[in-house]
Amino acid sequence: MTALDTRSVTTSGSAPGTAPRTTRTRTTRIRGVRAGFWVYAGLGVVLIASLFPFYWSFLIGSGDSSTINDPDMSWIPGGNFLANAATVVNDPAVNFWPALWNSIVSSALIAASVVVTSTLAGWAFSKLRFRGSKALLVFVVATMAVPMQLGVVPLYILFADLGWTGQIGAIIIPSITSAFGVFWMTQYLRQSVPDELIEAARVDGASMIRTFWTIGVVAARPAAAMLGLFTFVTAWNNFFWPFIVLDRSNPTLPVALSLLQSNHFVDFSIVLAGVLLSTFPLLLLFVVAGKQLVSGIMQGAVKG
């Protein structure tokens, strides 16, 4: 990677009345830093270590029930993956398609609500001045130290009284906001939006809502995209609370897949085939939203 720095030098004649000398342009070539062999070797090791669990799951999922206990197991995948995947999809006890739909809907709604509420709260904490804002932000951040398990019993009693147990709304409502999301957006907006820009918008007659929509939302897009992506993945993989509040007739995908190993004999080829099926939507999401993810990381790493 190279960059050219062009500098123009103009000198005038020393004697009065003489014409200035010809302008000379000097070009300086600046060489960028190239990654060396050990950088690529380290990245290769990280890539292999990241992909190995997927390959191991596919290796076991493409075999049969004896593959995982075979001491002479081949490292070449077998040909039973489609049959094992069909067994997972067609198992009436799993309810794969309703569980997949529930996971998609709940994860998308949770991610969208967390992005909206966190962006609004982050804008208020970072750019608005009101009494008790710092103490309230500290309280919000402190709630992250409270484990969810402490609130499971009263939360379950509440939804049982409302008649929401077994319904998908019972896992969406408690997750519509996130303390981490509020802290993340507060820090990002505090650094990325200058106070002078907001003052200029207010001088031009823009209301606070219009200022937030035209300045705050635009500036928050990279961080909001990354927050939404990570929130979607967290909600997709959540097992503890959906396992408690939902029933077998209306589960999410992690709860449904847990039914594959509820028997006395566990066929790990079937289980890992189901795990890979539940991972494919996340891989597709990362492929589609990978550009926004990298953009959000880079925007957060570079201070404007």
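Exposed, in these notes, means over 50% relative accessible area, buried means under 20%, and partly exposed is what lies in between. I'm working from a predicted model, so no experiment stands behind these entries.

**Entry 1**

Arg129 sits in the loop between α3 and α4 (133–142). Which residue does the side chain of Arg129 meet in a salt bridge? I found Asp195, at 3.9 Å from N to O. Asp195 belongs to helix α8, and the two partners are 66 residues apart, so I noted this as a link between distant parts of the chain.

I then looked for other bridges and got a total of two for the structure. The other one I wrote down pairs Lys127 with Asp195, at 3.0 Å from N to O. That pair also ties distant parts of the chain together: Lys127 is in helix α3, Asp195 in helix α8 (residues 195–203), and 68 residues separate them.

Buried or exposed, for Lys127? I have it as buried, because its relative accessibility is 11% and the limit is under 20%. Asp195 comes out at 34%, so I filed it as partly exposed.

**Entry 1: α3 against α9**

Next I followed helix α3 (residues 96–127) to its contact with helix α9 (residues 208–237). I noted that their axes come within 7 Å and cross at roughly 145 degrees. The crossing is right-handed. What kinds of residues make up this contact? I sorted them into 17 nonpolar, eight polar and no charged.

While on helix α3 I also checked Val105, which has its place there. Its relative accessible area is 25%, so Val105 goes down as partly exposed.

**Entry 2: the largest nonpolar core**

I counted 27 residues in the largest nonpolar core. Those with the most contacts inside it are Trp123, Ile171, Met185, Val193, Trp241 and Val245. Which helix gives the most to this core? I have α9 for that, with eight residues. The helices that each supply at least two residues are α3, α5 (152–162), α6 (169–172), α7 (179–192), α8, α9 and α10 (240–245).

In helix α2 (residues 81–90) I marked Phe81, Asn84, Ala85 and Val88 as buried. Why do they fall on the same side of α2? I found that they cover an arc of only 100 degrees around the axis, which puts them on the same side. The general rule I had in mind is that an α-helix has 3.6 residues a turn, so residues three or four places apart point the same way. On the face turned away from that buried side, I noted the exposed residues Leu82 and Asn90.

**Entry 3: the whole chain**

I left the overview for last. I have twelve helices and two strands for the chain. Reading along the sequence, I wrote the pattern as β-β-α-α-α-α-α-α-α-α-α-α-α-α. The chain has 304 residues, and I have 33% of them as buried.

Technical notes: Residues are numbered from 1 along each chain as its sequence is written. This is a predicted model: local features need pLDDT of at least 70, side-chain atom pairs count only at pLDDT 80 or more; totals for chains, interfaces and linings use all residues. Side-chain values use heavy atoms; hydrogens and water are left out. Axes are lines fitted to C-alpha atoms, for helices over the stretch in contact, and angles run from 0 to 180 degrees between N-to-C directions. Helices (H or I, at least four residues) and strands (E, at least two) are DSSP runs, numbered from the N terminus. A crossing is left-handed if the near helix is turned anticlockwise from the far one by less than a right angle, and right-handed if clockwise. Ala, Val, Leu, Ile, Met, Phe, Trp, Tyr, Cys and Pro count as nonpolar, Asp, Glu, Lys and Arg as charged, and the others, Gly among them, as polar. Buried means under 20% relative accessible area, exposed over 50%, partly exposed in between (1.4 Å probe, protein chains only). The arc is that of the directions from the helix axis to the C-beta atoms. A salt bridge is a side-chain nitrogen of Lys or Arg within 4 Å of a carboxyl oxygen of Asp or Glu. A nonpolar core is a set of buried Ala, Val, Leu, Ile, Met, Phe, Trp, Tyr and Cys residues joined through side-chain atoms within 4.5 Å.
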